[in-house]
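Me: I have a structure on the screen and want to learn how to read it. Can you take me through it feature by feature?

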Amino acid sequence: MSEHVYKKIELTGSSSAGIQQAIENAVEKAALTIKNMRWFEVVETRGHIEDGKVAHWQVTIKVGFTIE
């Protein structure tokens with residue numbers, strides 16, 4: 001097994017569709033400029049309430065990627 005060095009960044013994704021979509025939005029957007037992403041961990045979940053209903057989700061994640 002080769003040894004790796006990782007860097008972590010923090011991202012916040014948002015979606016009106018739900019938590020999973022907010023995470024996927026953050027990862028997909030980051031993938032446009034960050035190579036070698038390997039894992040994520042959820043740090044915080046919050047939402048916006050409008051007219052007594054959940055209108056929007058925000059999920060903060062830490063993403064780990066290997067550096068070359």
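Reply: Start with one side chain. Phe65 touches Val5, Tyr6, Lys7, Ile9, Ile34, Lys35, Asn36, Met37 and Arg38, leaving aside residues up to four places away in sequence. Keep in mind that this is a predicted model.

Me: Which residues make up the largest nonpolar core?

Reply: A nonpolar core is a set of buried nonpolar residues joined through side-chain atoms within 4.5 Å. Here the largest one has 10 residues, and Phe65 is one of them.

Me: Now the fold. What pattern does the protein chain follow along the sequence?

Reply: List the elements, then read them in order. The protein chain has one helix and three strands. Their pattern along the sequence is β-α-β-β.

Me: In what order do the three strands lie in the sheet, and is the pairing parallel or antiparallel?

Reply: Strands of a sheet pair through backbone hydrogen bonds, either parallel or antiparallel. In this open sheet the order is β1-β3-β2, with antiparallel pairing. β1 (6-15) and β2 (37-50) are the edge strands, each pairing on one side only. From one strand to the next, the twist averages 15 degrees.

Me: Where does the helix sit on the sheet?

Reply: α1 packs on the sheet and touches β1, β2 and β3. The direction of α1 makes about 130 degrees with that of β1.

Me: How many bridges join β1 to β3, and how many join β2 to β3?

Reply: Count each pair of strands separately. 10 bridges join β1 to β3. 12 bridges join β2 to β3. Both pairs run antiparallel. For landmarks, take Thr12, which stands opposite Thr60 in β3. On the other pair, Phe40 stands opposite Val63 in β3.

Me: Is Thr60 buried or exposed?

Reply: The cut-off for buried is under 20% relative accessible area. Thr60 has 3% relative accessibility, so it counts as buried. Thr60 is placed in strand β3. Its contacts, leaving aside residues up to four places away in sequence, are Glu10, Leu11, Thr12, Glu41, Val42, Val43, Glu44 and Arg46.

Me: And Gln58, how does that residue read?

Reply: Gln58 is also placed in strand β3. At 32% relative accessibility, Gln58 counts as partly exposed. Beyond residues up to four places away in sequence, Gln58 touches Thr12, Gly13, Ser14, Glu44, Thr45 and Arg46. Gln58 and Gly47 are 11 residues apart in sequence, but 5.6 Å apart from C-alpha to C-alpha.

Me: What separates the C-alpha atoms of Glu28 and Glu50?

Reply: They are 22 residues apart along the chain, and their C-alpha atoms are separated by 27 Å. Glu28 is found in helix α1. With a relative accessible area of 51%, Glu28 is exposed.

Me: Finally, the overall shape. What radius of gyration does the protein chain have?

Reply: Set the value beside that of a compact globule. For 68 residues, such a globule would have a radius of gyration near 11 Å, but the protein chain has 14 Å. The C-alpha atoms fill a box of roughly 50 × 20 × 15 Å along the principal axes.

Me: How much of the protein chain is buried?

Reply: Buried residues make up 24% of the 68 residues. The accessible surface comes to about 5,100 Å², and 50% of that belongs to carbon and sulfur atoms.

Conventions. Residues numbered from 1 in each chain as written. Predicted model: local features only at pLDDT ≥ 70, side-chain atom pairs only at ≥ 80, totals over all residues. Heavy atoms only, no water. Buried < 20%, exposed > 50% of the residue type's maximum accessible area, 1.4 Å probe, protein only. Contact = heavy atoms within 4.5 Å. Pairing = 2+ DSSP bridges. Helix = DSSP H or I, 4+ residues; strand = E, 2+ residues; numbered from the N terminus. Axes fitted to C-alpha atoms, helices over the stretch in contact; angles between N-to-C directions. Rg over C-alpha atoms; globule rule 2.2 N^0.38 Å. Areas by Shrake-Rupley, 256 points an atom, 1.4 Å probe, with all protein chains shown as cover.
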